[in-house]
Amino acid sequence: MLAFLAVLATIAAWWLSQQGLAAKPWLEEGVPVGPRAPRRISTEPAKLGLGLFLAVAGALFVLLISGYFMRKGLPDWRPLPMPPLLFVTTGVLAASSLLLRLARRSAERGAREETQLALTAGAATAIVFVAGQMAAWRQMLEGGFGIAGNPSNTFFYLLTGVHALHVLGGLAALAWTFAKMRESDDLASTRSPIGLCALYWDFLLVVWLVLLAILTGFADGLGEICGRLLS
Amino acid sequence: MVDVTARTIETAVPPAEVPDVELYHPKSWLTTWVFSQDAKIIAIQYSMTALTIGLVALVASWLIRLQLAFPNTFSFMDAATYYQAVTVHGMIMVIYLLTAVFLGGFGNYLIPLMIGARDMVFPYVNMLSYWIYLAAVLVLVASFFAPGGPTGAGWTLYPPQAILEGTPGYSAGIILMLASLILFIIGFTMGGLNYVVTVLQGRTRGMTLMRMPLTVWGIFTATVIALLAFPALFVGAVMMLLDRALGTSFFMPAIIQAGEHLKYNGGSPILFQHLFWFFGHPEVYIVALPAFGMVSDLISTHARKNIFGYRMMVWAIISIAVLSFVVWAHHMYVSGMYPAFGFFFATTTLIIAVPTALKVYNWVLTLWRGDIHLTVPMLFAIAFIVTFVNGGLTGLFLGNVVVDVPLSDTMFVVAHFHMVMGVAPILVVFGAIYHWYPKITGRMLNEVMGQVHFWITFLGAYAIFFPMHYLGLLGVPRRYFEIGQTSFVPPSAETLNIFITVVALVVGIAQLVFVFNLFWSLKKGRESGPNPWRATSLEWQTPETPPGHGNWGKELPVVYRWAYDYSVPGAEQDFIPQNEPPSALNGARAAGH
């Protein structure tokens with residue numbers, strides 16, 4: 001968590017350094033202009049808002065992962081076999097993310113039909129992903145890995161569940177974008193929300209890949225190194 | 001010096017960097033006053049809800065005090081009710097009152113006005129933020145009426161006891177409490193994203209970061225901390241909810257209760273403590289930083305002097321924010337954690353005192369040789385400085401492991417915490433309400449009632465919490481429902497407890513004077529005009545008072561100077577508003593600085 005915060009702090013520090021924090025406002029009058037004036041962030045507010053939200057959601061996942069590693073160190077932890085279905089769903093989510101990128105590109109080119117098609121396909125694959133996750137849960141439950149059976153089981157359901165909720169939230173935003181697109185003839189007005197959805201999907205994919213690496217034990221070495229550093 | 005002035009004066013106004021926003025215009029009474037997207041209305045909704053639920057917490061504190069002074073006297077008090085009162089009091093005051101009123105209340109009202117924006121950047125999300133907050137409050141209130149009553153786990157909700165049978169509110173109270181916290185965090189995140197993006201993107205022309213009033217700096221930085229700290233509480237609450245509802249073992253170790261092996265196994269209560277305090281300590285600064293900012297503005301305005309060391313103040317706010325994330329485990333010295341951790345956290349705790357002390361010095365130096373007007377807001381601001389220093393100094397005691405260990409479970413901690421995080425910020429809330437009420441309503445709050453309210457609250461708070469330090473040093477334990485006969489607690493402690501309780505009742509009742517004043521002055525208060533305190537910052541320069549929808553009429557204001565041009569030598573008045581263009585006379589004064 002502290003490493004995650006350090007990254008955020010570095011970004012904030014870099015930005016603040018551009019803002020003239022060493023200025024002496026008591027000596028300066030007028031409206032600052034010219035190259036030395038502090039620059040604003042040039043992105044649109046919605047994108048900045050989403051960026052901040054991703055930082056908050058990122059903090060949430062990082063905290064869950066920290067909890068995972070702390071709990072894992074306790075003696076009653078029994079590793080969990082991962083259903084192979086998860087690798088299929090990973091592929092589906094990657095496809096979904098790619099399709100949304102495609103939609104963003106088509107929207108930028110102004111190709112309405114293509115954009116609509118890519119968005120629909122992207123949404124459909126995301127729904128398939130969530131359904132796949134649920135199927136994986138079912139397999140686990142049928143395999144006798146109940147939610148309260150062992151902390152490793154609980155973490156599996158919690159991490160995948162919180163991630164799936166984020167996908168559902170994204171789908172709601174996508175549905176809103178889609179409705180807006182059908183309402184207006186002008187593709188330009190929905191270009192920005194489509195771009196935001198694509199960015200969010202990239203985030204979902206990255207988070208999922210990290211979670212998968214942790215759940216399958218691929219990131220155990222890393223967890224151990226972090227643990228050693230702290231103790 | 002003259003060179004600098006000549007170079008920095010610019011009279012040409014550059015084109016707007018951010019296009020003027022299209023405001024949502026409400027069409028019905030319902031969307032104007034109830035489901036409003038106007039930050040000013042949302043601010044009032046937030047504040048009124050927070051103050052109302054705060055009164056409930058005040059009554060809870062009376063229950064606590066009545067029990068401590070007169071044990072075995074009241075039929076309505078038993079151990080369960082006592083612990084429920086303690087929990088409800090702490091949780092409401094810290095989260096549902098202070099956090100909500102500073103960020104949701106003052107944040108919403110002041111950010112757009114002070115930076116020259118028409119509204120928040122995402123008004124719809126802002127409205128949702130309030131309604132989810134209200135839902136969180138209602139869920140909390142619902143727990144009072146649930147079977148078994150609200151949870152009595154203490155405001156820190158430590159597992160395992162928080163979710164074990166035997167703790168009051170085990171059946172429904174704790175579930176509702178956790179659900180309410182989860183809702184609160186979701187609602188706050190919506191509002192918080194708004195405040196940050198608005199400060200970053202919504203500033204009017206000329207309003208550089210280093211020209212923002214310190215109030216905005218405080219609220220902005222506190223919001224950033226809160227956005228990153230609340231997820232820790234969120235994770236903790238979700239995990240505990242799973243432990244309680246589904247029988248998982250995140251935090252629950254193997255437990256034998258009444259000879260029976262419970263379903264839990266192998267969990268770590270310390271993990272919860274880490275998550276809780278990773279949120280909990282930044283929470284102190286989530287409340288303190290806006291208070292710091294507002295006090296700076298109050299002092300500067302009412303002492304007719306520019307704030308001393310503005311740049312240092314900004315840097316101090318930022319460094320406190322960064323440091324607040326690396327001190328959390330000083331709440332856990334007695335949890336049995338690895339001792340070397342204690343050393344690290346004691347060091348960071350003492351380091352955080354440096355920027356904080358710097359701010360105190362700067363406030364005092366702002367007052368020094370100022371033209372001090374002892375108005376009600378100024379009284380509250382000065383009272384804050386004194387109280388904050390008191391509470392801060394005992395914090396330095398407790399930051400050291402060797403001092404904390406014996407004092408940790410005594411009333412000393414209660415006294416320290418209430419001074420620094422209870423009384424100090426609430427004094428600022430009062431001061432700020434007296435200061436900004438004229439802008440919000442167009443009328444002044446009654447001065448006499450304000451004075452009465454101030455003196456009873458201020459002196460009363462000291463009469464309550466000063467003796468409590470002494471009780472703590474005697475070894476009187478906190479958290480106990482009843483002390484009973486102990487060899488080390490002399491009978492005088494009982495008398496002292498009675499004294500404290502009587503004062504607490506009086507101070508509590510005195511708050512009714514304030515509440516009455518709020519409503520009475522709405523109709524009968526003296527008309528204030530647009531700028532009764534002759535202040536420089538933008539919110540006092542609006543074309544209408546109270547500010548209309550969209551705040552600024554046709555044209556957004558342009559900012560030409562910082563927010564602290566008070567008593568400038570050679571200027572016509574003793575204040576120059578931020579949006580007043582430079583003149584030859586004003587230019588000359590900069591040379592004389």
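I call a residue buried under 20% relative accessible area, exposed over 50%, and partly exposed in between (1.4 Å probe, protein chains only).

**Entry 1: Conventions**

I am working with a predicted model, in which local features need pLDDT of at least 70 and side-chain atom pairs count only at pLDDT 80 or more, while totals for chains, interfaces and linings use all residues. Residues are numbered from 1 along each chain as its sequence is written, chains are lettered from A and ligands numbered from 1 in the order in which they are written, and side-chain values use heavy atoms, with hydrogens and water left out.

**Entry 2: Salt bridges**

I looked up the salt bridges, each a side-chain nitrogen of Lys or Arg within 4 Å of a carboxyl oxygen of Asp or Glu. Side chains of opposite charge can pair when their charged atoms come close. Over all chains, the structure holds ten salt bridges.

I began with B:Arg443 and B:Glu527, whose side chains meet in a salt bridge at 3.9 Å, N to O. This pair links distant parts of the chain, 84 residues apart: B:Arg443 lies in the loop between helix 13 and helix 14 of chain B, and B:Glu527 in the loop between helix 15 and helix 16 (584-592) of chain B. Helices here are DSSP runs (H or I, at least four residues), numbered from the N terminus. Is B:Glu527 buried or exposed? I found B:Glu527 exposed, with a relative accessible area of 59%, whereas B:Arg443 is partly exposed at 22%. I also noted one network, in which salt bridges that share partners join B:Arg304, B:Arg534 and B:Asp574.

Next I examined B:Arg479 and B:Asp409, which form a salt bridge with their closest N and O atoms 2.8 Å apart. B:Arg479 is in the loop between helix 14 (447-474) and helix 15 (491-524) of chain B, and B:Asp409 is in the loop between helix 12 (401-407) and helix 13 (411-441), 70 residues apart. B:Asp409 is partly exposed, with a relative accessible area of 40%.

A:Glu142 is exposed at 62% relative accessibility, and A:Arg138 is exposed at 57%.

**Entry 3: Chain A against chain B**

I counted contact as heavy atoms within 4.5 Å. By this rule, 50 residues of chain A are in contact with 69 residues of chain B. The two chains bury about 5100 Å² between them, 73% of it on carbon and sulfur atoms; this buried area is the accessible area (1.4 Å probe) that two parts lose on being put together, summed over both.

Which helices of chain A each supply at least two residues of the side that touches chain B? They are helix 1 (2-17), helix 2 (45-72) and helix 5 (151-183). Helix 2 of chain A gives the largest share, 15 residues.

**Entry 4: Domains of chain B**

An automatic or database domain assignment supplies the bounds: domain 1 (374-528) and domain 2 (536-593) of chain B. Their centres, taken over C-alpha atoms, are separated by 36 Å. Seven residues of domain 1 of chain B are in contact with seven of domain 2 of chain B. These domains bury about 550 Å² between them, 61% of it on carbon and sulfur atoms. In domain 1, B:His435, B:Trp436 and B:Lys439 lose the most area to domain 2, together 77% of what that side buries.
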